[in-house]
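Subject: Structure handover

Hello,

Here is the structure for you to take over. My notes on what was found in it follow below.

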Amino acid sequence: MSQKNMISTLSEHFARIGVWSLQHRWHVIGVCLVILATSIYYAMTVRIDNGFENFFDAKDRTYSAYLQYRDDFGSDEIAYVLYSSPNVEHGVFNLQVMKKIADLTDTIESDVPFVKKVRSISNAEVITPVDGGIEIRKLSDNFPQTQQELLNFKQRFMNKPLYVGGLISKDQRYGALQIEMERSSIDPVEDIRLDPNGGDGLDNLYPQVTDDVLRNLLMDEKYQGIEFVVSGDVPLNTAYNRIIEEEMITLGAASFLIIGLLLLFFFRGSVMGFIGPLLVVFLAIMMTVGFMGLVGWDIDMMFGMLPTLVTALGVAHSVHIISEFQIYLQRYGDRTKALKETLYLVATPCLLTSLTTAAGFFVMVVSPIKTLEHMAVYTAMAVLVAFFLSITLLIFFLSFGKVPIKHTQPSRQNAVFDYFLKGIGHVVIRFRKSILWITVLVFALAASGINRIVVDSNFLLDFSDQVAIKKDTAFVDDVMGGMNSIVYLFDAGEADGIKDPATLRELERVQAYADRHSYIVKKSYSIVDLLKDINQSFHDDDPSYYRLPDSRELIAQYLLVYEMSGGDELENFVSQDYSHASLELRTRLTDTSKIALFAQEMDDYLLAKPLKENTTEVTGIGTLWLVLVDYITTSQIRGVLLALFVIALMMCFIFRSVKIGLVSMVPNIAPVVITLGVMGWCGITLDYMKLMIATVAIGIAVDDTIHMVTRFHHEFARKGQYNEALLASFSDVGRALIITSIVLISGFLVFTLSVMDSQMWFGILLATTIFVALMADFFVMPALILVFKPFGPETVAAVPLFDEQSRLES
């Protein structure tokens, strides 16, 4: 079948579908309501789950090491409460302040959910020399009765390197409570519910419930006079989750409202033109979520891109249909004829757009990351569902309203559009070659900007300065140990292997090298620190003995005495059988590129000076996040390139011409290339969130391009002249493209109101790509067609491709 006949046949079928939907509108809305009810039923079974098992292959070394670490040591997430008392004598070592801290420590450990252990000055183990050995003393066991007794304790405590920079600042102005968690934010949702039957709302899930109870405790009147600053994994993740949930509702609703009001304006107060597109988008999203519930998939962080994409394509399809429908309704004064002509001209390009975009996403089904594989399927489905609803459900809404008196003169609004679009058409006709040279220059500048792009991520910078947790975290990160965690897991290969002095010296060597990187590493912890403290205590606190014991037997003896004396810190450093040891590095919460550079330096060091008798794996939630971001970024870049390749093939197939396919790809890649170039020149880092813009941009660009090329090709077949075909195409399709772009740009710019900088940039950059896509389809693509003439040679008088009158009468 020729391309002409294929498009003609499809168009005729869609025209019939439109008339059938109009004649059976109540059947259509009834079926849609049944589908909506079914979708809601299954959507209610969908869980939100960002567990890392959804992202990592079980064979991944970093993930396997993390699972081993969790088995041996539990969660590495913490809440960190920094406190000070600047208005009282002796500050944090004031006797009354210390009593309050001791009470707070016990209360948090007993009352705050999901807390495993709380460490503070009041309950920290202070290994003290005594006759014949050592004694483990905690301030809370025999609390000082006088201020002087507490100051004496302070002197001993400040001589413990294990705690300085972690529980007490070097200048002694700040103390801290380190709150270790039983769970992690990336655990399966069933493991982080407070009430197993309380549902999956944030108020019933870790870390929100932990953060809420903790902050309420800190506001208790009995702790007045102490200034608290809270940070760490728990408050950071809580702030992020709550903001995202709140803004999904507030900004999402505001975006929908603005889109709806603009549709109401452009379609001259047509309420159905306002409600119809929004319900198409809503039902498409609900059907997709319902499908996910039906097949048992969870909503994860990759789902966040779907509503934006469906909104863009659903609104675009609706605008093209409503725009053409209003023109033909005014021309014919007959709803059935107007709808038939509209779907004949518009539905096929909408289908081709949907198939091309869906195929571009579906190719990512080969991704090794399960969440991306799922995203490829449900995104492709959502795109096709949005198209189906545009030619069925939308028709229900177009079946209402007053039919205007038949007349051929365009409305005032349409006349303005026609004048503007013809002006653009004449500019393209006159300056076609200049436009292409300018395009080449812009692409060259964009390519130079792309070379300047830094692929990076910084969780803290996702928050704007309006969010208190950002300032608090930066302060705590500077004053005390870092808020990020990197863990090196040492495997001695056998039980009690960690007690070998050679193994411990290797661990000490790696820890010392890591500590040299003070620009990243704020504090390090390992069994080496504990053994040095024990050894020094066995020698009357002589600083020269702050070193590792020389023999395995002595090490075993020290550890046995330590445990018999009541010490319980070993579980933080070694596994129960002493086959594994952890080296925890608390690092600054900084750019992933800096963390990655540090990790690479550590790898290079271990490669140049390998461990002698044991192995090590780098893990921890910070490292896992670093690897995950790299996975997502790499997969998305590959996915976008693969999508562009598949789209190019489909464009060639659709138009049965390699030349047309390649010409049409220029405006498809222009939004991505130019936006990335602008980011490079402006110094905007590229992270996995901004990469999602590329997928939405491609979908929008493909939609605009197919509508324009298809109509251009149609008009050329009718008129035989490129210039006349261009002006006719602009007059028909250009109005819908402008309306779609204005509506979507305005709707997405709402995200600039977000208190999350990541969301703000998402809105700005997405609006930029939509604008660039419009410019490319208005200037670049027509200029390419005029110069390269991909539709064939011009004719003096062309035979009309379609007989409009006979079609309407059929």
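Predicted model: local features only at pLDDT ≥ 70, side-chain atom pairs only at ≥ 80, totals over all residues.

Helix H7 and its two helix neighbours

Helix H7 covers residues 233–266 and helix H9 covers residues 306–332; their axes come within 12 Å and cross at roughly 10°. That angle is under the 35-degree limit, so H7 and H9 are roughly parallel to each other. On the H7 side the contact is made by Phe256, Ile259, Leu263 and Phe266, and on the H9 side by Thr311, Val315, Val319 and Gln326. Sorted by class, these residues of the H7 and H9 contact are 6 nonpolar and 2 polar, with no charged ones.

H7 also packs against helix H8 (residues 271–295), at an angle of about 145° and with the axes 8 Å apart. The crossing of H7 past H8 is right-handed. H7 contributes Phe256, Ile259, Gly260, Leu261, Leu263 and Leu264 to this contact, while H8 contributes Val271, Gly273, Phe274, Pro277, Leu278 and Val281. The class count for H7 with H8 is 10 nonpolar, 2 polar and no charged residues. Phe256, Ile259 and Leu263 of H7 take part in the contact with H9 and are also listed in the contact with H8.

The sheet and what packs on it

An open sheet is formed by 4 strands in the order S2-S5-S1-S6, with antiparallel pairing. Its edge strands are S2 (115–119) and S6 (227–232), each of which pairs on one side only. On average, and ignoring direction, neighbouring strands in this sheet are turned by 20° against each other.

Inside the sheet, strand S1 (residues 78–84) pairs with strand S5 (residues 175–181) in the antiparallel sense, over 6 bridges. Within that pair, Ala79 stands opposite Ile179 of S5. H7 packs on the sheet as well: it touches S1, S5 and S6, and its direction makes about 75° with that of S6. A further helix, H15 (residues 468–479), lies across S1 and S6 and runs at about 90° to S6.

A hairpin

Strands S3 (residues 126–130) and S4 (residues 133–137) pair in the antiparallel sense over 5 bridges. Val130 has Gly133 of S4 as its bridge partner. The hairpin has 2 residues between the strands, and Gly132 takes a positive phi near 85° there.

Helices H16 and H17

Helix H16 (residues 501–515) packs against helix H17 (residues 527–537) at an angle of about 110°, with 9 Å between the axes. This value falls in the range from 65 to 115 degrees, which makes H16 roughly perpendicular to H17. H16 passes H17 in a left-handed crossing. The residues that meet are Leu504, Leu507, Glu508 and Gln511 in H16 and Ile527, Val528, Asp529, Leu531 and Lys532 in H17. By class, the contact of H16 with H17 has 5 nonpolar, 1 polar and 3 charged residues. The contacts of H7 with H9 and of H7 with H8 have no charged residues.

Two single residues

Ser39 sits in helix H2 (residues 25–43). Its relative accessibility is 7%, so Ser39 counts as buried. Apart from neighbours within four places in sequence, Ser39 is in contact with Met286, Met287 and Gly290.

Ala65 belongs to helix H3 (residues 61–73). Ala65 also counts as buried, because its relative accessibility is 5%. From Ala65 to Leu530 the separation is 465 residues in sequence and 24 Å in space, C-alpha to C-alpha.

The protein as a whole

The protein has 25 helices and 10 strands. Its C-alpha trace spans about 110 × 55 × 45 Å along the principal axes. Of the 810 residues, 59% are buried. Among contacts between residues at least 6 apart in sequence, 80% join residues at least 24 apart.

Regards

Key: Residues numbered from 1 in each chain as written. Heavy atoms only, no water. Axes fitted to C-alpha atoms, helices over the stretch in contact; angles between N-to-C directions. Parallel < 35°, antiparallel > 145°, perpendicular 65-115°, else oblique. Contact = heavy atoms within 4.5 Å. Nonpolar A, V, L, I, M, F, W, Y, C, P; charged D, E, K, R; others polar. Pairing = 2+ DSSP bridges. Left-handed = near helix turned anticlockwise from the far one by under 90°. Buried < 20%, exposed > 50% of the residue type's maximum accessible area, 1.4 Å probe, protein only.
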